[in-house]
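I opened a new model today and kept notes as I went. The entries are in the order in which I looked things up.

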Amino acid sequence: MKPTAIFYGSTSGNCESIARKIGEALGVGASDIYSASELDAAKLGQYDNLLLGSSTWGCGDLQDEWYDAVEVLKGADLSGKQVAVFGCGDSCGFGSTFCNAMATIYDAAKGAGATMIGDGVDAAGYSFDDSEAVRDGKFVGLALDEDNESDLTDSRIAAWVGEIAPKL
């Protein structure tokens, strides 16, 4: 596997926990797992693969640490980099904006020239009303709901990691 980093934005700790589980499943060391507040051009330059995760807040908003980080992504040249996105949301309390933050990060990375991977997660197995992170029936990354569907988290991570690992 080429050099891989995971950047996450987490307020309640759910997305951080997910980032660490994904890192463990892929063999990404703790020293390569960062808060989104640490994302900068220098760190982007160190890695060939980026896994970017955010919880979704309010009415579909990014987690706070991602606001500056998204601007870093938009200003970067991510050509030649593989990028996968994951996110946490609340499908019951905020079912009409479930995991919308993933779409914002996905669009920023893709717009900066990244090769997107892991963006074919079938939305059919999820309970939610609407999401900007769904395109043609598929999530743009791994969507998780630790509030209402935590019993599915481990199997969803395993399936997604199985899909992206050969590409990293």
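**Entry 1: the whole protein**

I note first that this is a predicted model. I counted the secondary structure and got five helices and 10 strands. I then looked up the radius of gyration, which is 14 Å. The globule rule gives 15 Å for 168 residues, so the protein is as compact as a globular protein of that length. I also took the span of the C-alpha trace along the principal axes, and it is about 40 × 30 × 30 Å. Of the 168 residues, 51% count as buried. For contacts between residues at least 6 apart in sequence, I found that 74% join residues at least 24 apart.

**Entry 2: strand S1**

I went to strand S1, residues 4-9, and asked how many of its residues are buried. The count is six of six, and I wrote the strand down as mostly covered. I sorted the side chains by direction: Thr4, Ile6 and Tyr8 point one way, while Ala5, Phe7 and Gly9 point the other way. Both sets are buried.

Next I asked which strands S1 is joined to. One is S3, residues 49-57, which runs parallel to S1 and is joined to it by six bridges. I looked up Tyr8 as an example, and its bridge partner in S3 is Gly53. Another is S2, residues 33-35, which also runs parallel to S1, with three bridges between them. Here I noted that Ile6 stands opposite Ile33 in S2. I followed the chain from S1 to S2 and passed through helix H1, residues 14-26; this β-α-β crossover is right-handed.

I stopped at Ser10, in the loop between S1 and H1. Is Ser10 buried or exposed? Its relative accessible area is 13%, so I put it down as buried, the cut-off being under 20%. The side chain of Ser10 reaches the backbone nitrogen of Cys15 at 3.3 Å. Leaving out residues up to four places away in sequence, I listed what Ser10 touches: Cys15, Glu16, Ser55, Gln63 and Glu65.

**Entry 3: the cysteines**

I searched the whole structure for disulfides and found zero. I checked the accessibility of both residues. Cys88 is at 5% and counts as buried, and Cys99 is buried at 1%.

**Entry 4: Ala101**

My last stop was Ala101, in helix H4, residues 100-111. Its relative accessible area is 0%, so it is buried. Which residues is Ala101 in contact with, leaving aside neighbours within four places in sequence? I listed Ser54, Ser55, Thr56, Gly60, Asp61 and Leu62. Ser55 had already come up in my list for Ser10. I also took one distance: the C-alpha atoms of Ala101 and Ser150 are separated by 19 Å, and the two residues are 49 apart along the chain.

Definitions and conventions
Residues are numbered from 1 along each chain as its sequence is written. This is a predicted model: local features need pLDDT of at least 70, side-chain atom pairs count only at pLDDT 80 or more; totals for chains, interfaces and linings use all residues. Side-chain values use heavy atoms; hydrogens and water are left out. Buried means under 20% relative accessible area, exposed over 50%, partly exposed in between (1.4 Å probe, protein chains only). Helices (H or I, at least four residues) and strands (E, at least two) are DSSP runs, numbered from the N terminus. Two strands pair if DSSP finds at least two bridges between them. A crossover is right-handed if, with the strands pointing away from the viewer, the path from the first strand over the helix to the second runs clockwise. A disulfide is a pair of cysteine sulfur atoms within 2.5 Å. A polar contact is a pair of N or O atoms within 3.5 Å; within protein, one must be able to donate a hydrogen and the other to accept it, and residues adjacent in sequence count only if both atoms are side-chain atoms. Contact means heavy atoms within 4.5 Å. The radius of gyration is taken over C-alpha atoms; the globule rule is 2.2 Å times the number of residues to the power 0.38.
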